[in-house]
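Here's a quick briefing to read with the model open. Have a look at the fold first, then work through the points below.

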Amino acid sequence: MDLQAIYAALASTLSPDQQQRQAAEAALKGWEGVPGYVSSLFRVVNSAEVAVEVRQAGIVYFKNIVNKHWDREDPIPGGTPEQQWVISQDERNFVRSSIVEALVHADSKCRPVIAESLRRIAGQDFPDKMPTFLQEVAQRRASCTPEVLEPEEAAPAVDSEPAGPEEDP
C-alpha cells in the first residue's frame, strides 16, 4: 500500500475545498479491503514525520475502522461490501504488536484516540490473542514520562464483558 497516497488523502480531508475533502474521503473508504491498508494507515498516523493535524485526522479514521470492523473476523454472508471486508490476521497482528508503542509516543491530542482504539482491541482480543499485553503495558509504563501517565490518558482498562446500557439511579 502506498504510504504517500494515504498521507495525501488524509491531508486532503482537511482541505477547505468540499470537493477535495469528499474525493479524499472516498479514496480512504475505497482502500478499505485492500491488503495492507490498515497497517499502512497505522504506520502513517504514527510517523513523527507526518504533520500533527494529519496524524489526528488519520488516527480518528483508524479508530472508526477499528470500531466498525475489529469485532468481525468473518465476512457477513450476503452482506454489503463493507460487511464483507474483514481486517486480515496479519494486519491485526501488526496493530496488536504496535499499538502500545504508538500510545506511548503519541502526542497529547492523538493519545486519547489511540487509547480508545486500544481499549476496543484489547477488549476483544485480550488475553487469547494478546497474551503479553499486560507485560508490555507494565514495561512501557515503567519507562513513560509523566505526561503519558496523566489520569485521563492512562492506558485503558480492559473490560472482560461489553458494557451494557447505563441505568438511571
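Helices (H or I, at least four residues) and strands (E, at least two) are DSSP runs, numbered from the N terminus. You're looking at a predicted model, so local features need pLDDT of at least 70 and side-chain atom pairs count only at pLDDT 80 or more, while totals for chains, interfaces and linings use all residues. Residues are numbered from 1 along each chain as its sequence is written, and side-chain values use heavy atoms, with hydrogens and water left out.

**The chain overall**
- The chain has 8 helices and 0 strands, and from the N terminus on its elements run α-α-α-α-α-α-α-α.
- Of the 169 residues in the chain, 38% are buried (under 20% relative accessible area, with exposed over 50% and partly exposed in between; 1.4 Å probe, protein chains only).
- Among contacts (heavy atoms within 4.5 Å) with a separation of 6 or more, 61% are between residues 24 or more positions apart.

**Helix 3, the covered one**
- Helix 3 (residues 37-45) has 8 of its 9 residues buried.
- Those are Tyr37, Val38, Ser39, Ser40, Leu41, Phe42, Val44 and Val45.
- The buried residues of helix 3 pack against helix 1 (3-12), helix 2 (18-31), helix 4 and helix 6 (89-105).

**Helix 4 with helix 7**
- Helix 4 (residues 52-69) and helix 7 (residues 111-125) pack at about 15°, with axes 9 Å apart (axes are lines fitted to C-alpha atoms, for helices over the stretch in contact, and angles run from 0 to 180 degrees between N-to-C directions).
- That makes helix 4 roughly parallel to helix 7 (angles under 35 degrees count as roughly parallel, over 145 as roughly antiparallel, 65 to 115 as roughly perpendicular and the rest as oblique).
- On the helix 4 side, the contact uses Ile59, Val60, Phe62, Lys63, Val66 and Asn67; helix 7 brings Val113, Ile114, Glu116, Ser117, Arg120 and Ile121.
- Sorted by type, the residues of this helix 4 and helix 7 contact are 7 nonpolar, 2 polar and 3 charged (Ala, Val, Leu, Ile, Met, Phe, Trp, Tyr, Cys and Pro count as nonpolar, Asp, Glu, Lys and Arg as charged, and the others, Gly among them, as polar).

**Helix 6 with helix 8**
- The axes of helix 6 and helix 8 come within 11 Å and cross at roughly 20°, so these two helices are roughly parallel to each other.
- Ser97, Val100, Glu101 and Val104 of helix 6 meet Phe133, Glu136, Val137 and Arg140 of helix 8.
- The residues of the helix 6 and helix 8 contact split into 4 nonpolar, 1 polar and 3 charged.

**A cis proline**
- The peptide bond from Phe126 to Pro127 is cis, with omega near 5°.
- Pro127 sits in the loop between helix 7 and helix 8 (133-142).
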